[in-house]
Amino acid sequence: MTELVKKSIRCGLIGSLALGALAGAVHAQEGEGRAQHIQNVLLTFRLIQADGFTDVDPEISDVVEEIREIFNFQGYRLLSTSVFNVGLIPSSSGRSATGSGLQRIYPSGSETALTLQAEVTSQRATGTVRAKVTLTDATRRHSQGGYSEPLPLLEITVTFRDGQTAVLGSAPRTADGPVLILVVTPKIDP
């Protein structure tokens, strides 16, 4: 029903523009309906370990086939799930909105923490969000400019649609340790 209403509105707008009637009013109405900012993004991150597991982990069964297309490991298991609720604040120009979240996670079977950070931006009327995601290990540090900071295991920028699940990438925690894979699914709240 909603799709039918959207098609009817689009056809009406196209017809009005083609006939030249009320072109300014039509443009203003179209802009008002489409130009809403995304106000909130719920990001669900799943940290997965790739190794020689033979059992199927039911908590990640929905993404295992996609992961297998990208990575060639015998098995996978879920280490942790993190949920960020990122509120976005409109910029002074009104063209975009930004927000960020930071969370410390303790993967199962590990005593050391990882830090997961997301810097989220949305552009007016796109229906998508762009996120810079950084996964760091506080135990691995490097010096730069006289101070020590955590070394990123994974740093990636990606653009999402609502509900789209994306495999962001992989990183070994240590040279001889298992590979970690980060998967995210956003829920966009306009």
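This is a predicted model: local features need pLDDT of at least 70, side-chain atom pairs count only at pLDDT 80 or more; totals for chains, interfaces and linings use all residues.
Residues are numbered from 1 along each chain as its sequence is written, and side-chain values use heavy atoms, with hydrogens and water left out.

**The whole chain**

Start with a cartoon view, in which you can look for 3 helices and 9 strands; here helices (H or I, at least four residues) and strands (E, at least two) are DSSP runs, numbered from the N terminus. Followed along the sequence, these elements come in the pattern α-α-β-α-β-β-β-β-β-β-β-β. Of the 190 residues, 35% count as buried, a word that stands for under 20% relative accessible area, whereas exposed stands for over 50% and partly exposed for values in between (1.4 Å probe, protein chains only). Among contacts (heavy atoms within 4.5 Å) between residues at least 6 apart in sequence, 54% join residues at least 24 apart.

**The open sheet**

Next, select β1, β2, β8 and β9, which form an open sheet of 4 strands in the order β2-β1-β9-β8, with antiparallel pairing. Two strands count as paired if DSSP finds at least two bridges between them. In general, strands of a sheet pair through backbone hydrogen bonds, either parallel or antiparallel.

- Strand β1 (residues 40-51) is joined to β2 by 12 bridges, and A50 can be found opposite Y76 in β2.
- Between β1 and β9 there are 11 bridges in the antiparallel sense, with L182 in β9 as the bridge partner of L47.
- Between β8 and β9, also antiparallel, there are 6 bridges; V167 stands opposite V183 in β9, and A171 stands opposite L180.

The last two strands, β8 and β9, form a hairpin with 6 residues between them. Because 5 of its 7 residues are buried, β8 is largely enclosed by the rest of the structure, and β9 is mostly covered, with 9 of its 11 residues buried.

**The nonpolar cores**

Show side chains next, and select L43, F45, V120 and L168, the residues with the most contacts inside the largest nonpolar core, which has 30 residues. Such a core is a set of buried Ala, Val, Leu, Ile, Met, Phe, Trp, Tyr and Cys residues joined through side-chain atoms within 4.5 Å. The elements that give two or more residues to this core include β4 (96-105), β5 (114-123), β6 (128-144) and β7 (147-161). Centre the view on L168, which touches F45, V133, L154, I156, V158, F160, L182 and V184, not counting residues up to four places away in sequence. A second, separate core of 13 residues includes Y76, V167, I181 and V183.

Which residue makes a side-chain polar contact with T185? Select T185 in strand β9, and you will find its side chain at 2.8 Å from that of T165, a polar contact being a pair of N or O atoms within 3.5 Å in which, within protein, one must be able to donate a hydrogen and the other to accept it, and residues adjacent in sequence count only if both atoms are side-chain atoms.

Is Q49 buried or exposed? Q49, which lies in strand β1, counts as buried because its relative accessibility is 8%. The side chains of Q49 and D51 are joined by a polar contact of 3.4 Å.

Finish at E59, in the loop between β1 and α3 (64-70), a residue that is exposed, with a relative accessible area of 53%. E59 touches R46 and L78, leaving aside residues up to four places away in sequence, and the C-alpha atoms of E59 and L78 are 6.9 Å apart in space although the two residues are 19 apart in sequence.
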